[in-house]
Amino acid sequence: MRGETEEMDETQFLELSKKMNKFPLLRYEELPDYMKDNEYILNYYRAEWSLKHAFISLFLCHNETLNVWTHFIGFLAFLLLTIANVTHFYLVADFLQVSKWAFSSNHPLNNTRQMISSYMDTTPPPIEVTRWPLFVYLGGSMFCFVSSSLCHLFSCHSHHLNCRLTQLDYTGIAVMIISSFFPSIYYIFQCNPLWQFVYLGIITVLGILAIGVLLSPTRMSGKYRFIRTLIFVLMGLFGVIPTIHATILNWNAPQRNAALGFESAMGFFYLVGAMFYVSRVPEKWKPGWFDLVGQSHQIFHVFVVMGALAHYVSVLILYEYRSRVSCE
Ligand SMILES: [Zn+2]
């Protein structure tokens, strides 16, 4: 139960903000229909804001601020990983090695300098393995995160831009799903070019079809929403086939369990995130309490970033494996 005084204060604040500036924050019931999406978020909406003000609102407090920032930070994290991979600065890119050091029993706890120098002296992997599939994934993830941030920041501008940016947001998700298959399939099936070609071919065709549907001029109807969800589920489920195939193929490889472990972590993060996204918990329980911080969509974003990072580690394990074990 919210106190009457608190209710009064909130209303007064919003009324004042309306009087004071051209771009006030609105209540849910004041929104144009196309923006009414989550009835449990009651206040602090932006609507019909100019592009300039929408951009400035990146640094203001409204109910989309954390939605923008959670994925923008994800974008920055993947940008950093990309730079680290391009410059071969393994200390940052390969936090797998750092974790190996952290969990090893004989690490020089009392000599940080020794740790860093011994790390930097790590002999390069004996086999030169291409990193382009890794960059496909990093690029796909950055595209997804930046599309999502742009969508949350500028959707308040107009109905037209709202529709276009929503399409961009969903296209970003599809691109990230497709791109995440690339390094896994490429490295796992490196010694089986036929299967490598078949799986990468199927996921590319599925991806092009999915993006075609997502960019089609269909209105945001219930049917479209259903088709969109079905596409994402099918794309995710497709991953099961090469995973089972790869597990059988690499039954004796010690890296198999580690890679599978991180892939399971990724699956877990995405699943938990999706549950928050669909259920609209916790704002459903206490409408108005999570308008600014703690709403389901922000939690969903954080889980997506964690899932993407778990997949990155799994890909690093596969890359490392390919750098040490050649095809017979
Ligand atoms: Zn979002």
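The exercises below, each with a worked solution, concern a predicted model of a protein chain.

Local features are taken only where pLDDT is at least 70 and side-chain atom pairs only at pLDDT 80 or more, while totals for chains, interfaces and linings use all residues. Residues are numbered from 1 along each chain as its sequence is written.

**Exercise 1. Describe the secondary structure and burial of the protein chain.**

Solution. Begin with the elements, which are DSSP runs numbered from the N terminus (helices are H or I over at least four residues, strands are E over at least two). The protein chain has 13 helices and 0 strands. Next comes burial, for which a residue is buried if 20 or more other C-beta atoms lie within 10 Å of its own, exposed if 12 or fewer, and partly exposed in between, with C-beta atoms placed from the backbone. Of the 328 residues, 33% are buried. Last come contacts, meaning pairs whose C-beta atoms, placed from the backbone, lie within 7 Å. Among contacts between residues at least 6 apart in sequence, 68% join residues at least 24 apart.

**Exercise 2. Examine the backbone at R280, P282 and Y44.**

Solution. Most residues other than glycine have a negative phi, and most peptide bonds are trans. R280, which follows helix 12, has a positive phi near 55 degrees; R280 is partly exposed, with 19 other C-beta atoms within 10 Å. In the loop between helix 12 (255-279) and helix 13 (296-324) lies P282, and the peptide bond from V281 to P282 is cis, with omega near 15 degrees. Y44, although not a glycine, has a positive phi of about 65 degrees. Y44 belongs to the loop between helix 1 (4-20) and helix 2 (51-56), and counts as buried, with 21 C-beta neighbours inside 10 Å.

How values were computed: Contact = placed C-beta atoms within 7 Å.
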